[in-house]
Amino acid sequence: MSGAAVAVEGAAAAYDGAPVLTDVSFSVAPGQSVCVLGPNGGGKTTLFRLLLGELEPVTGTLELSGRPAYVAQTERTRLDFPVTALDVAVMGTLARGRWWLPPSKSDRGAARRALERVGLGELASVRFGELSGGQRQRALLARALVQDARVLLLDEPLSGVDPASAALITALFRELGAEGRTLLVASHDVESARSFDLVLCLNGRQVAFGPPAATLDRTTLQATYGHELIVLEGGGGAVTIHHHEHGHEH
Amino acid sequence: MPSPLDLADLPFLREALVELLLLAITGGVLGTWVVLRRLAFFSHAAGSATFPGLVVADASGISPILAGMAVALGYAGGVQRTGRGGREHGEGTALLLVALLAIGVILASDVFESGAAVDRLLFGTILGLGGADLAVSAAVAAIATVAAVALGRTWSAVGFDPDGAEALGLPAGRADMLLLGLVAVAAVAAIPAVGALLVTAVYVLPAAAARMLTGSVRGLVACALALALAEGATGLYLAYWLDVPPGPPVAVLGALVCLVATVLTRPSTV
């Protein structure tokens with residue numbers, strides 16, 4: 001895979017025989033960050049499922065350096081579950097195998113360090129459901145950090161997050177990139193995509209892939225979002241209208 | 001009023017007490033996951049779904065426990081196929097339960113004309129509990145404890161965040177299947193003592209009350225275990241005193257404790 005952290009070539013995916021994502025080909029070097037843009041049902045989550053190995057590609061190949069860590073949307077978690085922020089971070093150690101053993105001292109140490117890194121060291125013993133939306137997102141991020149993966153997949157990590165948490169998470173993304181980790185971040189926010197190294201636009205197929213400055217033009221965004229796109233005249237910015245469809249996004 | 005010491009002195013009561021205490025151990029460790037994974041309906045249904053097996057066993061003379069376990073495991077497998085990776089199993093649980101109950105009713109009324117023995121299996125008895133019943137309950141308690149220790153972290157991760165757990169590379173599907181299978185087998189093990197219709201009294205009510213009183217998985221297991229043991233022993237004493245099967249007193253006690261826990265932990269509106 002010629003040094004790439006993620007290499008996808010001609011990948012396509014289908015659910016029950018119906019194609020949902022086609023013609024996906026891109027390559028990401030270690031340390032690069034990619035913003036995956038697209039409308040609901042555009043294929044962002046499907047791409048992540050392919051990369052996680054949960055879905056077999058119909059055609060094409062996908063190669064990654066190691067098992068990726070995944071941060072799902074916080075809406076998918078059970079807020080009434082009796083687990084603390086530390087318990088959630090410790091879950092990340094399950095990715096090392098040995099799921100039948102209780103967490104070791106070093107597992108707990110790694111989880112505490114990850115919580116410190118996302119600014120939740122003081123809140124380690126607080127129930128997950130009692131944390132704010134941004135803090136919950138950071139706890140899930142800590143679970144991913146504990147896995148020590150070279151590639152991280154994050155599904156809308158800044159959605160519904162308070163500004164302080166958003167700033168902390170964005171700074172953490174830069175740190176992770178500097179450590180040589182590769183980030184693929186699904187997002188609806190076209191403007192924030194400009195701060196990433198690369199942008200991947202999906203709308204049932206790969207619309208575009210490349211540096212933001214060369215990719216995020218009006219034609220590409222129109223092809224990516226169609227009717228969901230509103231271009232703000234004058235400033236050159238663009239926003240998207242998106243509808244949260246829990247549990248059935250492609 | 002009979003002496004509580006009769007529970008230890010009279011052989012048939014002693015066996016019933018041991019049986020209920022073994023079920024309480026299973027109820028404590030497995031009930032925690034029944035409640036946390038929202039399998040209360042399934043645990044109740046698994047006991048009731050054995051109905052056709054119990055009818056066939058009654059008519060043919062084969063062991064009702066074996067027949068019940070065969071049906072319950074088949075039922076658990078069917079329900080598991082209707083849900084994946086920690087997702088809800090509600091519809092599949094109801095659909096397959098109705099089908100099995102219908103088959104049971106047809107077998108009982110039109111094929112085997114089954115009678116009193118089936119009633120006893122539906123409602124339980126403290127008379128006639130034998131060594132085989134105790135052995136089955138002891139084995140189920142041991143397996144449930146080992147499984148909860150080995151798989152507790154996985155069940156917790158899947159219950160908390162199914163998508164995240166799959167991404168961690170956990171054997172989520174197999175762990176789920178094992179949990180459903182264990183609950184089904186445990187439901188069958190409880191049938192001789194509390195009956196198929198009151199399995200919930202042992203496997204759901206103590207853990208449901210504990211869920212309201214504790215804030216961690218470990219605390220929940222400990223509290224559910226203590227409540228299940230206390231309710232089992234007290235319920236058996238009441239059954240002996242009132243001359244009724246043990247299932248109903250255990251169920252009423254469990255419901256009362258749940259009610260008290262609900263009142264005690266209700267957030268103040270002032």
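**Exercises on a two-chain predicted model**

Helix α4 (residues 133-146) of chain A packs against helix α5 (residues 163-178) of chain A at an angle of about 25°, with axes 9 Å apart. This is a predicted model, in which local features need pLDDT of at least 70, side-chain atom pairs count only at pLDDT 80 or more, and totals for chains, interfaces and linings use all residues. Residues are numbered from 1 along each chain as its sequence is written, while chains are lettered from A and ligands numbered from 1 in the order in which they are written.

**Exercise 1.** Classify the packing of α4(A) and α5(A), and list the residues that meet.

*Step 1.* Two packed helices are described by the angle between their axes and the distance between the axes. Axes are lines fitted to C-alpha atoms, for helices over the stretch in contact, and angles run from 0 to 180 degrees between N-to-C directions.

*Step 2.* Angles under 35 degrees count as roughly parallel, and α4(A) and α5(A) are therefore roughly parallel to each other.

*Step 3.* From α4(A), Gly134(A), Gln135(A), Gln137(A), Arg138(A) and Leu141(A) meet Ala164(A), Ser165(A), Leu168(A) and Ile169(A) of α5(A). Contact here requires C-beta atoms, placed from the backbone, within 7 Å.

*Step 4.* These residues divide into four nonpolar, four polar and one charged. Ala, Val, Leu, Ile, Met, Phe, Trp, Tyr, Cys and Pro count as nonpolar, Asp, Glu, Lys and Arg as charged, and the others, Gly among them, as polar.

**Exercise 2.** Describe the secondary structure and dimensions of chain B.

*Step 1.* Chain B has 14 helices and zero strands. Helices (H or I, at least four residues) and strands (E, at least two) are DSSP runs, numbered from the N terminus.

*Step 2.* The C-alpha trace of chain B spans about 50 × 45 × 35 Å along its principal axes.

*Step 3.* For 270 residues, a compact globule would have a radius of gyration near 18 Å, and the 18 Å of chain B agrees. The radius is taken over C-alpha atoms, and the globule rule is 2.2 Å times the number of residues to the power 0.38.

**Exercise 3.** Characterise the side of chain A that touches chain B.

*Step 1.* In chain A, 17 residues are in contact with 20 residues of chain B.

*Step 2.* The chain A side has eleven nonpolar, one polar and five charged residues.

**Exercise 4.** Find the contacts of Ala89(A).

*Solution.* With neighbours within four places in sequence left aside, Ala89(A) is in contact with Ala111(A), Ala114(A), Leu115(A), Ala139(A), Ala142(A), Arg143(A) and Val146(A).

Definitions and conventions:
Contact = placed C-beta atoms within 7 Å. Parallel < 35°, antiparallel > 145°, perpendicular 65-115°, else oblique.
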